[in-house]
Amino acid sequence: MRIILKNARERKGIKTRELAQLIGIDQALISKFENGSRKPTRDQVAKLANILEIDYETLMISWLKERILYEIGDDNLTLKAMELVRDDIEKNTIYQKSTISNSLKNILDEIDILKDSLNKFRVLDSFKIAQALELEYTFESNRIEGNTLTLRETDLVINQGITISGKSMREHLEAINHVEAVTYIKQLIERNFSFNERELLSIHNLILRGIIPEDAGRYRKVQVVIKESNYTPPQPFIVPKQMEDYFIWMEENKNKLHPVILAAEMHERLATIHPFIDGNGKTSRLIMNLILLQNGYVIANIKGDYETKMKYYQTLETAQASGNKEDFILLIAQTEKECMQRYLDIISK
């Protein structure tokens, strides 16, 4: 593990002092991690993986191996105990999978069948088709938040640079910024990125650029009120800790959950933390779709019509208030299924 850490740090050109500041620990600890005289905590492993862009599973397995050898040794009794532990873990994994409702499991199975079909037509991917669907996504995502530009007007603003009479400058910027944010997440995927806090703040910066520039790409420092919801977000002083836990949770679960569930969870968790003054909804949906695209799915475009928007808000609020996320994840899964079917219908013609 120590070799993995040192090589990754040097490859990124980060000094031990800089890495220590990013994690919030003493510089001497970084040196001890790298020479093997000290082991990082589990949370520190997650932070190191995120900052150094090391595969979390690879680093965690190395950490666990060293910890097991250090704590309990390597004799025959240890091997027998580990076999029992393995049995318990496998049983727990089966239990966790069984907790997914039949409705959700059926939709996820249908989505994966559609994905297999879609993969056969990937060579027919068209820039124009993608551009049209991304335009619709920008229109709907902005409409959810109250933007009054029509789909046609959104097209004119983005693709022809036309100013729409009677529409505010903010509405124009919301359309332009959202398309640039979509382009940015696609570039991240092409670079085989590792999603982290820096990328999240960059995405949010694009969303609020020119609208509320002083808060673009920055966590809020004051309390906010969420429109159309009775949910109260956490106090501002715990937002950084909430976001730290957010990324740790992602690293610990990204290889355990179905990508659609992971995407929905990352959306709901970010919206619940509500880390920004404005743009939380759009940013949450962008992160959700970043994860979907990264895993070979298509953009889940939640519609902005009144009925769909109210169902979206209601299921999200239920997840926030009670912790019951079933309906929200079902909504995201159903949306993804419909979007995949539509994309397949278009591309296969």
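# Close-up views of a predicted helical chain

**Figure 1. Overview of the protein chain.** The mean positions of the 48 positive and 51 negative charges of the protein chain are separated by 4 Å. Here Lys and Arg count as positive and Asp and Glu as negative, while His and the chain ends are not counted. Each charge is placed at NZ of Lys, CZ of Arg, CG of Asp or CD of Glu. This is a predicted model, in which local features need pLDDT of at least 70 and side-chain atom pairs count only at pLDDT 80 or more, whereas totals for chains, interfaces and linings use all residues. Residues are numbered from 1 along each chain as its sequence is written, and side-chain values use heavy atoms, with hydrogens and water left out.

The protein chain has 16 helices and zero strands. Its radius of gyration is 22 Å, close to the 20 Å that the globule rule gives for 349 residues, so the chain is as compact as a globular protein of that length. The radius is taken over C-alpha atoms, and the globule rule is 2.2 Å times the number of residues to the power 0.38. Helices (H or I, at least four residues) and strands (E, at least two) are DSSP runs, numbered from the N terminus. Along the principal axes, the C-alpha atoms fill a box of roughly 75 × 45 × 45 Å.

Of the 349 residues, 47% count as buried. Buried means under 20% relative accessible area, exposed means over 50%, and partly exposed lies in between (1.4 Å probe, protein chains only). The protein chain exposes about 18,600 Å², and carbon and sulfur atoms supply 52% of this area. Accessible areas come from the Shrake-Rupley method with a 1.4 Å probe; for residues, only the protein chains shown count as cover. Among contacts with a separation of 6 or more, 67% join residues 24 or more positions apart; contact means heavy atoms within 4.5 Å.

Figure 2. Helix α8 runs over residues 127-144. At 1.5 Å a residue, its 18 residues should span 26 Å, and the end C-alpha atoms are 26 Å apart, which agrees. The expected span is 1.5 Å times one less than the number of residues. The buried residues of α8 include Ile129, Leu135, Tyr137 and Phe139. Their cover includes α9 (151-160), α10, α14, α15 (306-322) and α16 (326-347). Glu134 also belongs to α8 and counts as buried, at 19% relative accessibility. Not counting residues up to four places away in sequence, Glu134 touches Val182, Lys186 and Ile299. Just after α8, Gly146 takes a positive phi of about 105 degrees.

**Figure 3. Asn289 in helix α14.** Asn289 is found in helix α14. With 0% relative accessibility, Asn289 counts as buried. Leaving aside its neighbours within four places in sequence, Asn289 is in contact with Tyr137, Val298, Ile299 and Ala300.

**Figure 4. Helix α12 and the helices that cover it.** The 15 residues of helix α12 (residues 239-253) should span 21 Å at 1.5 Å a residue, and the end C-alpha atoms are 21 Å apart, which agrees. Among the buried residues of α12 are Val239, Met243, Phe247, Trp249 and Glu251. The cover over the buried residues of α12 includes α4 (42-52), α5 (56-72), α11 (197-208), α13 (259-273) and α14 (280-294).

**Figure 5. Two loop residues with positive phi.** Most residues other than glycine have a negative phi. Glu53 lies in the loop between α4 and α5, and its phi is near 55 degrees, a positive value in a residue other than glycine. Glu53 counts as partly exposed, at 32% relative accessibility. Asn192 lies in the loop between α10 (169-190) and α11, and its phi is near 55 degrees. Asn192 is exposed, with a relative accessible area of 68%.

**Figure 6. Ala20 in helix α2.** Ala20 lies in helix α2 (residues 16-23). At 2% relative accessibility, Ala20 counts as buried. Leaving aside neighbours within four places in sequence, Ala20 is in contact with Ile25, Asp26, Gln27 and Ile30. The C-alpha atoms of Ala20 and Asp75, 55 residues apart along the chain, are separated by 36 Å.
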